[in-house]
Amino acid sequence: MPESRSRPRRAEGKAVPLMTSIVIAEPAAPPDKGLRAGALGLVSSVVIAVSSTAPAYSMAATLGLIVAIVGVHSPGTLIVSFLPMLCIAYAFRELNKADPDCGITFTWAARAFGPRTGWMGGWGIIAADVIVMASLSQIAGRYFLDLVGLGGAGTVWVTAAGVAFIALLTGVCYRGIEVSARLQQVLLAVEVGTLTVFAVVALVKAGTGHALPGAVHPGVGWLNPWTGSFGSLSNSFLLAVFIYWGWDCALSVNEETKDSARTPGRAAVTATVILVAIFAVISIAALAYAGPAFLAAHSTDVLGAMATSVLGSTPGKLLVLCVLTSTAASTQTTIMPTARTVLAMSAHGAIPGWFARIHPRYRTPTIATIVMGTVSAIFFVLLTLVSRNVLADSAASVGLLIAFYYGLTGFACVWFFRRDLLTSGRALVTKGILPLVGGLTLLAAFVLSIKSYWPAASSYSSFDGVGGIFLIGAGSLVIGVIVMLVVARFMPRYFAHGITAPGITAHGITEPRITEPRITEGSNS
């Protein structure tokens, strides 16, 4: 290790012992933001990562859309789409090892590419979460009313129930990370248990000749995602990205996790593997039981459409409860990472400082959490008032934002560790090749989907011949640029100096932080 030495002083021709210092490197720690450190373990982190993707809700809302594009190749699409997600999960893991900051993409992209790129990475997270909350709230409200026997209630009641869910789960997030984690464990147990029962019963009925008309026999070709069209592949891939989205929530709560440099990354990688198994099994079971035509015709809610025929009238309510708990879990874990991204942006001076206020007892970002819940509720109500078609397009547009900030994280990882890539084969693969493959794949999907979503015919809503999905997704990024320019005008320090933190260099190499006394002997001269 490097030593700091001073010239020996002499006394009567003899060297005397001198106090010098040896520098010892230790892992870098992010500046303390006041969150409750060490509150979550590996199991809780995996639960949060899986719950955040809302497997039941994601399949109910998206599987039919994927089937409408690629038919029986949907299982293959879901499996192949897992690979870029795994690559990006490694990028998150490696960056988190170097810098466990709850700002995740915002912080890492700012250190890799500069303050403006980092700011837009943070905005991508916030915009995606606020937009998807509208869809989650509508689903939660509708499924809750179905569960209590008010399935025929109008839009006003669905909207009111959705806003109530936002308020309730904002309150849970406000009360502390431990309460949130315990609730997630219960919700995920109900969700995965019900999905398992559904898959088993559906496959048994399909195998014994009790499937719906139009059902098809499973084949190896289902695992092939290629249908002969790059356009179909990119569109289905972007929908699959939306299905997998959410596991990064485990990284957003890294500062509240035991062994914050390692546990969140392990949880993210583990969660993606669990998710591909769930999605592959459910998609195969649904296709084998109902067939592609049925799933495409009921694309807004494939699980609800099959609930009674698979499980029966009364047990079918379990599947409704499953989607409801899935939506509730995802709503909660959408509020959590957004609040922590806002907290990090505020703590690093990228937005006003009052967003960084922490509750003295619950140790949660109070202002950021309340603002996230309030803005989400207002956005949901406004979209409902404007058009249900716009609300439907908003969910699809989230895929563009996910591809943006996931891809940005992959590229940030490669550039952040660029001087480490040739130090070992493992570093080259985990810090370079995998993140780069994930980033390039998501960039390609982003570009191809912009082309696909530009025409008005691609969306439920449109304006002047341009599709609503493109307008909402790309428009939210344009708004982000405008907001960033305004913030930079009044808060120039962050944009001039970027993010600095003790103990870490721009290339992810830990700097010396502790000095320890050491006795050295001088020699005669």
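Author: A residue is called buried when its relative accessible area is under 20%, exposed when it is over 50%, and partly exposed in between, using a 1.4 Å probe and protein chains only. This is a predicted model, in which local features need pLDDT of at least 70 and side-chain atom pairs 80 or more, while totals for chains, interfaces and linings use all residues. Residues are numbered from 1 along each chain, and side-chain values use heavy atoms, without hydrogens and water.

The chain has 525 residues, of which 55% are buried. Thr 194 counts as buried because its relative accessible area is 10%. Thr 194 belongs to helix H7, which covers residues 177–207 (helices, H or I of at least four residues, and strands, E of at least two, are DSSP runs numbered from the N terminus). Apart from neighbours within four places in sequence, Thr 194 is in contact (heavy atoms within 4.5 Å) with Leu 318, Leu 319 and Cys 322.

Let us now turn to the charged side chains. The structure contains nine salt bridges, each a side-chain nitrogen of Lys or Arg within 4 Å of a carboxyl oxygen of Asp or Glu. In one of them, Lys 33 pairs with Glu 255, with 2.6 Å between the closest N and O atoms. Lys 33 sits in the loop between strand S4 (18–25) and H1, and Glu 255 in the loop between H9 and helix H10 (263–290), so this pair ties together parts 222 residues apart in sequence. Both Lys 33 and Glu 255 are buried.

Another salt bridge brings together the side chains of Arg 426 and Glu 94, at 3.6 Å from N to O. Distant parts of the chain are linked here, since Arg 426 lies in helix H16 (residues 425–453) and Glu 94 in helix H3 (residues 74–98), 332 residues apart. Arg 426 is described as partly exposed because its relative accessible area is 45%, whereas Glu 94 is buried, at 2%.

Asp 99 and Arg 111 also form a salt bridge, their closest N and O atoms being 1.8 Å apart. Asp 99 occupies the loop between H3 and helix H4 (105–113), and Arg 111 is in helix H4, so the parts tied together are 12 residues apart in sequence. Asp 99 is buried, with 4% relative accessibility, and Arg 111 counts as buried at 11%.
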